[in-house]
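Subject: Structure for your review

Dear colleague,

Please find below the structure that I am handing over to you. My findings are set out after it, and I would be grateful if you would read them with the model open.

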Amino acid sequence: MALVRRSAQQLLDMRDRLHTLLEEQARIRFESGIGAAEVRSWQNSLPAFLTDVVDAGLGHVEVLLEHKLPHNPKRVDVVLCGTHPRRGTPSYVLVELKQWSNAEPAGDDLVRVPHYPEPVLHPVEQVRRYCHYLVDSTPSLAEQPGAVHGLAYLHNALESGVWRLSRYEMDEYGHLYTMDTRSRLVDRLRALLDTDPTTRDAANRVADDLLNARHAPSKPLLDLAAREIQEREQFVLLDEQQVAYSSVLQAVERARTNRTQTVVVVLGGPGSGKSVIALSLLGELARRGRSAYHATGSSAFTNTMRKVAAKRAPRVRSMFKYFNDFMVAEQRGLEVLICDEAHRIRETSVNRYTRAEVRERARRQVVELIDAASVPVFLLDEHQVVRPGEMGSLQEITAAAEALGCRVEVVHLAGQYRCGGSEFFDAWVAGLLGIGYRRATPWSELVTREDEDFVVRSAGSPADLEAWLLAQRSEFRGTARLAAGYCWRWSDPVVVDGTKALVDDVEIGDWRRPWNAKPDKRVPDAPESHYWASDERGFGQVGCVYTAQGFEYDWAGVIFGPDFVRRDGRWVARREHSHDPAVRKAPEEHFHRLVRNTYKVLLTRGMRGVCVYSTDAETQEYLEQLAR
């Protein structure tokens, strides 16, 4: 879990080559190596801090450098491992090192640093969150109150240069020190770690305990999640939703009493309640004190779930993971792993950052997820696979589970709780896109105005489509979004009059709009890509399938681009018009299905109505016939 482990004195003795050792270890562990800026930070920060540690009489404590948090890509700069001077119990100090010489608050928990293009998290808040996360995901630490401490050290700064930062709230998990408050730093370290060199062996054991600890949600975190999720949201589950919920809880009890492993697969279309089931389960399992995590393969979906489910309790966010967080998870270390949007499971979790030794023994991602819990739960829609390599299906999961000797239970969800609860809309979409054996049928022939609240319309231009959304939003209230197939380039933001701005990449005649913001490319007055579907500022940008999938809004506008057109009475997917780099590389036998599924996802986001438009004349005529 750490790139380098030595005593503080040993590390200080190799100060001139310590950064080289870390770089070598990073190259082995991450394969792609590490950036030059991070190597410079090691070279400049670590000797300064280690000198202070040794001067404090703590040369014997065990030090973990670049310690990776469990089930998380984040790394703590330094973890000092020793014993408490009064209690003799394990004591861990997490340290965040900064080379800043000055910085200014930028509102809430953000700070602005000279020469940094964007505000960053306050270093005290950064290390505090690392402490909370480590304790929340390590039950043995949660059972030792007072074992974990945190501090941020700005070793190049004077207190006068960052005095406004030092007014930030401090606690046991977060203190701030500077170059001229070094004596207070030394006093703090001595108060937390025993200076007696005979405790060297104990410090070693303390480090071993941390590195070998079992990782799962701790009891305090489960209590917090139960209050935040189960009590704040009153979910009402109906029919097969309740069947799926009860099946999982029964499987958990069987696992506890009979030591059996059961895989539960929940199949349902858009809006059938899969995510409501997932959150209901997470809250109830937390209330019962059962160790459970929620995981998906979607950055946008996971970040939004974290935001919604942990609105008042940020620590609950740590219960929301990604599928590739379980590559090296302890076998059955969890009681339940809830895999939402499981159609996004990939062949393997390996990426360019995967450590070499982990890469060598990597297994299929579905096997990793099944092995991680006594009751793995997979919630999926097989018609929402939109990228090459996504392979979550009942067949794949069942085959993997049976090969591992697991019992398999399958629950099929019926009904449509999105799209106005319309029993007709799924059939209309299937017929429109040629999915299965559904016949393409005009909307007006499927329903009558008297018995159907859901609205289906077509627009003659993108401007008309946008105007329709605005009119619905104004007259009936609610949320509206415009999304399109990935048929236009997606540019980085540009600087206009000193301010970052999105580029109007989506051009149709004289109508131009930008795509939603790119991940990690913040733009003023536009939501981050994760929140395009849930933040009201998302209107005015065109969303893509990756920001729309998994979400819902009241009124959906969908632009069919030139990548999916009607020719001679059938759909044709055209690779030359796709700007999705992953989908363009898909084999011919998969390309059509991926593009078709993209439009299925976009069409089924609306809860009250959808309006469609195509840039292709023949396709537009077809849409107008079916939307009438």
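Predicted model: local features only at pLDDT ≥ 70, side-chain atom pairs only at ≥ 80, totals over all residues.

The parallel sheet

Six strands make up an open sheet with parallel pairing, and their order is E12-E11-E13-E14-E10-E15. Strand E12 (320-322) and E15 are its edge strands, each pairing on one side only. On average, neighbouring strands of this sheet are turned by 20 degrees against each other, direction ignored.

How many of the six residues of strand E10 (residues 262-267) are buried? Six of the six are, so the strand is largely enclosed by the rest of the structure. The covering applies to both faces: Thr262, Val264 and Val266 are buried on one side, and Val263, Val265 and Leu267 on the other. E10 also has a paired strand on either side in the sheet order, between E14 and E15. With strand E15 (residues 407-412), E10 pairs in the parallel sense over six bridges, and Thr262 has Arg407 as its bridge partner there. With strand E14 (residues 373-380), E10 is joined by four bridges, again in parallel; here Val264 is partnered by Val377.

The nonpolar cores

In soluble globular proteins, nonpolar side chains tend to be buried together. The largest nonpolar core in this model has 125 residues, of which Leu337, Phe378, Leu433 and Phe560 touch the most other members. Leaving aside residues up to four places away in sequence, Phe378 touches Val263, Val264, Val265 and Val266, as well as Cys339, Ala342, Ile345, Val366, Leu369, Ile370 and Ile397. A second, separate core contains 35 residues, including Leu3, Val39, Val53 and Leu189.

The mixed sheet and its helices

A further open sheet of six strands has mixed pairing and the order E1-E2-E3-E4-E8-E9. From one strand to the next, the twist averages 25 degrees. E1 and strand E2 (residues 62-68) run antiparallel and are joined by five bridges, with Arg6 standing opposite Val63 in E2.

Two helices that pack on this sheet may be noted. Helix H3 (residues 36-55) touches E1, E2, strand E3 (75-83), strand E4 (90-98) and strand E8 (148-154), and its direction makes about 20 degrees with that of E3. Helix H6 (residues 182-192) touches E3, E4, E8 and E9, and its direction makes about 165 degrees with that of E8.

A serine in a loop

Finally, I would draw your attention to Ser349, which lies in the loop between strand E13 (334-339) and helix H12 (356-360). Is Ser349 buried or exposed? Its relative accessible area is 4%, and the cut-off for a buried residue is under 20%, so Ser349 counts as buried. The side chain of Ser349 makes a polar contact of 2.9 Å with that of Gln365, and another of 2.7 Å with the side chain of Glu368.

Yours sincerely

How values were computed
Residues numbered from 1 in each chain as written. Heavy atoms only, no water. Buried < 20%, exposed > 50% of the residue type's maximum accessible area, 1.4 Å probe, protein only. Pairing = 2+ DSSP bridges. Polar contact = N/O pair within 3.5 Å; in protein donor to acceptor, adjacent residues only side chain to side chain. Axes fitted to C-alpha atoms, helices over the stretch in contact; angles between N-to-C directions. Contact = heavy atoms within 4.5 Å. Core = buried A, V, L, I, M, F, W, Y, C linked by side-chain atoms within 4.5 Å.
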